[in-house]
Amino acid sequence: MDLKDLYRDIIVDHNRHPRNFREIPDADRRADGFNPLCGDKLTVFVKLDGDRISDVSFSGSGCAISVASASLLTESIKGRTLPEAEALFKQMHQLLTQEDAVIDLPSLGKLGALSGVREFPARVKCASLCWHTLDAALHQQQQVSTE
Amino acid sequence: MSAVEAFARGPGPLDVTAIRRDFPILERTVRGNPLSYLDNAASSQRPRAVIDAMSRYYEQSHANVHRGVHWLSQEATDLFEGAREKVRRFINARSTKEIIFVRGTTEAINLVAQSYGRTQFGPGDEILVSWLEHHANIVPWQMLCQQTGATLKVAPITQSGEVDFDAFAALLSARTKLVALAHVSNALGTVIPVHRFIAAAKARGVPVLLDGAQAVPHMKVDVQALDCDFYAFSSHKMCGPTGIGVLYGRESLLAAMPPWQGGGDMILAVSFEKTVYNSLPYKFEAGTPAIAEAIGLGAAIDYLEALGMERIAAAEHELLVYANERLATIPGLRFVGTAPEKAAVVSFTLDKVHPHDLGTILDSEGVAIRTGHHCAMPVMDFYGLPATARASFAFYNTRAEIDRLVEALHTAREMLG
């Protein structure tokens, strides 16, 4: 188990320079995510155009894994439809939690960089927080906690 | 020969090499590296003497206590009550009637809240705590306030992480019914000069509970000299087993308090018309107690006393001074909590590296520290931090382990800074 597997270059880059790290004041959907174990707090904002996600962003603070994961999330779901986002959420959940998951890694693009997290069970919640928060936002729940 | 046998002979500093041989877990590796266990404020490790005392009890002496006339029941009772006497002597209580076995500090505080507080407090009454408290010395009082209509008051802290004495004194009033204070802060390591706080409370006739979870393992505690009314601590932070701790209570207060849990062992006579409660300390110990754990705690006390609490405190202070020196050389490292008097706890942050990432990177080098809010979220809020990294030392730690911590912090800076 190598640390470089967890902190891959893409992760380090997205932590240092998070993409779509801003608020969307007129967001159609938003939810707050909280990881009480490490104090990660983030808010996900979604702007919809019909059933298409026209803009998505996040704010808050957290560890490198949670910030990079949220940053990668925003890049990967912008422009997708709600069912596509839902499908991606399920795939990410499998990628992060199931050892024997059959996942088409190339189809995940940069998100595949998070596959190393699975080897660090204590950190899975950091990577999945933004996805649960997005899911809560899309299902119009206001708050989610990964405890 | 164990370190205890070697040291019991005479004065001089502790021989850490010999001591480490007494702790089997310190020999293991983590992720291919030797373990550097620097998370002692969360839970310490156990010497073989404690593990053996518990095994021996289960292999040779187990039966239920206070019940049977048969041999083993008497033997188990003698061992269990012998452990209570060791605790009494260790903290210098007047009587074993004042030593209540509980699951840990948390349960001890809940006991006081639900037995003492619930019958004594009402609307308008106040409980005074500090901003430094562990959640275990906050939440039981909040629950009590909801039940009784009492109010929780909080004495502020200073930037260095000390409880502001003047502000504390100003919050004491005729409405204050109890002061509940940490003896040593778990998140920052601050040693609170409790004598001063107790004297101020006593001047107004206010009883004082001390949360001693972080103090008892690292310094000589004398409840009579402190003149506190309740003192709570946990076995697992002082080289004893998990699942047991102690509530010390002043006998006059305990005698007047109702039981908080009912069941076997806490009664003298039961009928459907009337139950007569047992005397102290059994009134507060319903059901079969954690017998092996109490015996293990007794063995831990024997071990600590043989090393000497003064020598333990001196060894840990030396580690603290060394860690402060070494950590201060790391660019971007900020100490959180800089009180002049501290237990061997260093809380810190590192620029651009979240404490949780630090925890993982250090772990990959075999260095175990705590990262997070340390069950003291108000302290984190005070400093405007979501979390800190916390290294906490015990007498079995070495300078080499601190060097490993420092090296791993440099690695973290290179990776993520």
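Helix 4 of chain B and helix 11 of chain B are oblique to each other, because angles under 35 degrees count as roughly parallel, over 145 as roughly antiparallel, 65 to 115 as roughly perpendicular and the rest as oblique. This is a predicted model, in which local features need pLDDT of at least 70 and side-chain atom pairs count only at pLDDT 80 or more, while totals for chains, interfaces and linings use all residues. Residues are numbered from 1 along each chain as its sequence is written, and chains are lettered from A and ligands numbered from 1 in the order in which they are written.

Let's stay with that helix pair. The axes of helix 4 (residues 71-91) and helix 11 (residues 291-307) of chain B come within 8 Å and cross at roughly 40°; axes are lines fitted to C-alpha atoms, for helices over the stretch in contact, with angles from 0 to 180 degrees between N-to-C directions. Helices (H or I, at least four residues) and strands (E, at least two) are DSSP runs, numbered from the N terminus. Among the residues that meet are B:L79 and B:F80 from helix 4 of chain B, and B:I295 and B:I301 from helix 11 of chain B.

Now for chain A, where 4 strands form an open sheet of mixed pairing, in the order 3-2-1-4; two strands pair if DSSP finds at least two bridges between them. Strand 3 (52-61) and strand 4 (143-145) of chain A each have a single partner strand, so one side of each lacks a neighbour in the sheet. Strand 2 (residues 40-49) of chain A runs antiparallel to strand 3 of chain A, joined by 9 bridges, and A:F45 stands opposite A:S57 in strand 3.

How values were computed
Two residues are in contact if their C-beta atoms, placed from the backbone, lie within 7 Å.
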